Amino acid sequence: MRLILLGAPGAGKGTVAKLLTKVDGSVQISTGDILRGAVQAGTELGKKAEAFMKAGDLVPDDLIMGIMETRLQEPDCAKGFLLDGFPRTIPQAEALKTLLAKLGIELDVVANIEVPRQEILNRLTTRRTCVNPQCQAIFNVRSQPPKVDGVCDKCGSPIVQRDDETEEAISRRLDTYDEKTSPLIEFYRQEGLLLVVDAPTSEGVVNAITTRING
Ligand code: ADP
Ligand code: ZN
């Protein structure tokens, strides 16, 4: 499947994407994961992106489009892809449209995952992420704690609160979402691709998406 997952930070895009990869082998492409990996590895891209990310601001569109233009042409994308955290702005959505047309790729659906603001705030402040750039597993101290306090179940590395998950950075990310990303809902409605999902669990969201795609 070829899919965009839209939704505020904390809506569960990453969890849903991971579940969907198991359905048909489509790959998850998370610009957030790619950027965090680049920051940790200290690459040129990472150096350019780091300050924006720490503050909870968006990384400039041209850097993001550079990443995506390369990534979408890698062979594993032929099976399908789940875009998680991209596009985030109207210029990114326009550039993606041009890029996909150039590559001869058509999207199946754009799923907007709707979650109430209070629930989003609860989730983000209790979220913990594995520091290992190859892993980046996500836990939640309230709803999905690791087996051993502060330690990743999957790889044994420490799990921490992300720099951009302080209360200040979170409220900035949510404002940025409202201002820059929420207009994409209307954009994709007009493209005829939008599916609105407000299922309470990630499994419910996955069901709604697979039902729509399988007709
Ligand atoms: P979230 O939990 O906010 O959805 P992500 O892991 O998707 O977080 O992204 C973390 C940070 O990486 C964002 O706050 C932003 O700084 C940067 N980022 C990720 N994807 C994009 C994008 N498509 N455009 C601009 N910045 C991005
Ligand atoms: Zn880990």
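Thr176 lies in helix H7 (residues 167–181); helices (H or I, at least four residues) and strands (E, at least two) are DSSP runs, numbered from the N terminus. At 12% relative accessibility Thr176 counts as buried, a term that means under 20% relative accessible area, with exposed over 50% and partly exposed in between (1.4 Å probe, protein chains only). Leaving aside residues up to four places away in sequence, Thr176 touches Gly56, Leu58 and Thr181, where contact means heavy atoms within 4.5 Å.

This is a predicted model, in which local features need pLDDT of at least 70, side-chain atom pairs count only at pLDDT 80 or more, and totals for chains, interfaces and linings use all residues. Residues are numbered from 1 along each chain as its sequence is written, chains are lettered from A and ligands numbered from 1 in the order in which they are written, and side-chain values use heavy atoms, with hydrogens and water left out.

Helix H5 covers residues 90–103. At 1.5 Å a residue, its 14 residues should span 20 Å, and the end C-alpha atoms are 20 Å apart, which agrees; the expected span is 1.5 Å times one less than the number of residues. Gln92, Ala93, Leu96, Leu99 and Leu100 are the buried residues listed for H5. They cover an arc of only 125° around the axis, which puts them on the same side of H5; the arc is that of the directions from the helix axis to the C-beta atoms. On the other side of H5, Thr98, Ala101 and Lys102 are exposed. The buried residues pack against strand S1 (2–6), helix H4 (61–71), strand S3 (81–84) and helix H8 (183–190).

Both ends of H5 can be described. At its start, a side-chain oxygen of Thr89 reaches to within 3.1 Å of the backbone nitrogen of Gln92. Just after H5, Gly104 takes a positive phi of about 70°.

Helix H2 (residues 31–41) has Thr31, Gly32, Leu35, Arg36, Gly37 and Ala38 buried. These pack against strand S2 (27–30), helix H3 (44–55), H4 and S3. Just after H2, Gly42 has a positive phi of about 70°.

The zinc ion (ligand 2) is coordinated at 2.3 Å by the SG atoms of Cys130, Cys135, Cys152 and Cys155. Donors are N, O and S atoms within 2.8 Å of the metal (3.2 Å for Na, K and Ca); water is not among the atoms, so sites may look incomplete. In sequence the donor residues are spaced C-x4-C-x16-C-x2-C. Cys130 is buried, with a relative accessible area of 4%.

Notes
Polar contact = N/O pair within 3.5 Å; in protein donor to acceptor, adjacent residues only side chain to side chain.
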